[in-house]
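Subject: Structure for you to look at

Hello,

Here is the structure I promised to hand over. Please open it beside this email and follow along.

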Amino acid sequence: MLAAALVPLNSTMIAVALLDVERDLDVGVAAATWLVSGYLVAMAVVQPLGGRVGDAIGHRRGFLAGLGGFLAASALAAAAPTLGALVALRVSQALAGGLMMPNAAALLRDAVPPGRRGRVFGWFGTGMGLAAAVGPVLGGGLVAALGWRAVFLVNLPLGAVALLAGRALPAGAPAPRAAARPAAAGAGALPRSRPYLAATATILLHNMAMYGLLLVVPLIADRRLGLGEGAAGLLVGGMTAAMMLGSPVGGELSDRLGRRAPALAGSVLAAVATLLLALASGRPSTAAVAALLVVAGVGFGLAGASLQTTALEAVPEGSVAMAGGLFMTMRYTGGIAATGVAAAVGAGDAFGAGLAVLAVAAALSLATASGLPAGVARAPAAVPPRA
């Protein structure tokens, strides 16, 4: 959990360090934003490959290799003399993170029986959200006290603890050579798995709606409600807090009621709240916007654990980490689509139309979420532990 939390923690710390990077390295804002965009694109592209590597060499080995690479890139980034070197090392962080993250999820899936996976992934989602929320606060303090290089150095002690904990995990049996063929067959079988397709399509639509709200609502707060940045931050903060609270609840429900029910309930809440925001965008009130964002956040949180758990349960054993990596790529793809919607909205103040697009995405997730299994996966008869 700690190692996986380094990725969202570091990403949000970097966001608040960009101005200091610009001043210290004497670069413009457009150049500095490559530290964010280059990282996100690399993470989106590499995670299925990182998962495939872990399926081949063992999830523990893949996780530890990714964590070690992430720490090495962090140490070098703290000493980067130019922006070009810093961007290259940020991409290196993403490549290592793309190996670490899907294998961390696969390790959880390997270690937890099916009847408890929902709640475990629910708390996993809460932990990731908490790390993302803490990042700007911690990063702001570090930058103010020590400068931008500190946001990379702080990864080292945290990562060292995670590395020691990871090395204590059971090594398990090495993946047999014969497993290479089933794994490759599993890769080809992914598009034919209805539950897997349902989970990945739903997370893409949910992330498009969620990130769209995170990007559009601050514009509404500024241009329609006349609120400052602090108040706008509180509005979207209410949605993210609701997501963190809803995630473990959704995970618990998915273990009790099956994977489909909380995903459908979450999709309904997200779609209704986003549609009402679109209808109210002409003459919004602060209280209504805040309340609807909380409802949407609860919806996204309720669905999250079911979607991730289904994605890791619906594929053959030899393809678990690769499936998790592709699932994470769909998360990033949804976020990238949301930035396009937000850019169009911001250029033309077309808040109603933009929110309507997000509402359609959330509504479509009702159809995709209906493809999730109604029950909970059964434990396989005998699966050797993966390294």
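Keep in mind that the model is predicted.

Start with helix 5, residues 83–111. It has 29 residues, so at 1.5 Å a residue it should span 42 Å. Its end C-alpha atoms lie 41 Å apart, which agrees. Helix 5 also bends, by about 25 degrees, at Gly97.

Now go to helix 11, residues 229–257. Its 29 residues should span 42 Å too, and its end C-alpha atoms are 41 Å apart, in agreement. Here the bend is about 30 degrees, at Gly246. A proline, Pro248, follows within four residues. Just after helix 11 comes Gly258, with a positive phi of about 105 degrees.

Next, find Glu313 in helix 13 (residues 286–313). Is Glu313 buried or exposed? Its relative accessibility is 15%, and buried means under 20%, so Glu313 counts as buried. Its side chain makes a polar contact of 3.2 Å with the side chain of Arg117.

Last, the cavities. There are two of 30 Å³ or more.

- The largest cavity holds about 40 Å³ of space. Helix 5 gives the largest share of its lining, three residues. Helix 14 (320–348) supplies at least two. The lining has five nonpolar, two polar and no charged residues. Phe124 and Gln308 are among them.
- The second largest cavity also holds about 40 Å³. Its lining includes Ile220, Ser281 and Leu355. Six lining residues are nonpolar, one is polar and none is charged.

Best wishes

How values were computed
Residues numbered from 1 in each chain as written. Predicted model: local features only at pLDDT ≥ 70, side-chain atom pairs only at ≥ 80, totals over all residues. Heavy atoms only, no water. Buried < 20%, exposed > 50% of the residue type's maximum accessible area, 1.4 Å probe, protein only. Polar contact = N/O pair within 3.5 Å; in protein donor to acceptor, adjacent residues only side chain to side chain. Expected span 1.5 Å × (residues − 1). Bend = angle between axes of the 7 residues up to and from the residue. 1 Å grid on protein atoms, 1.4 Å probe; cavity = no way out; pocket = protein on both sides within 12 Å on 5 of 7 lines; lining within 4 Å. Points joined across faces, edges and corners; volume = space filled by probe spheres on them. Nonpolar A, V, L, I, M, F, W, Y, C, P; charged D, E, K, R; others polar.
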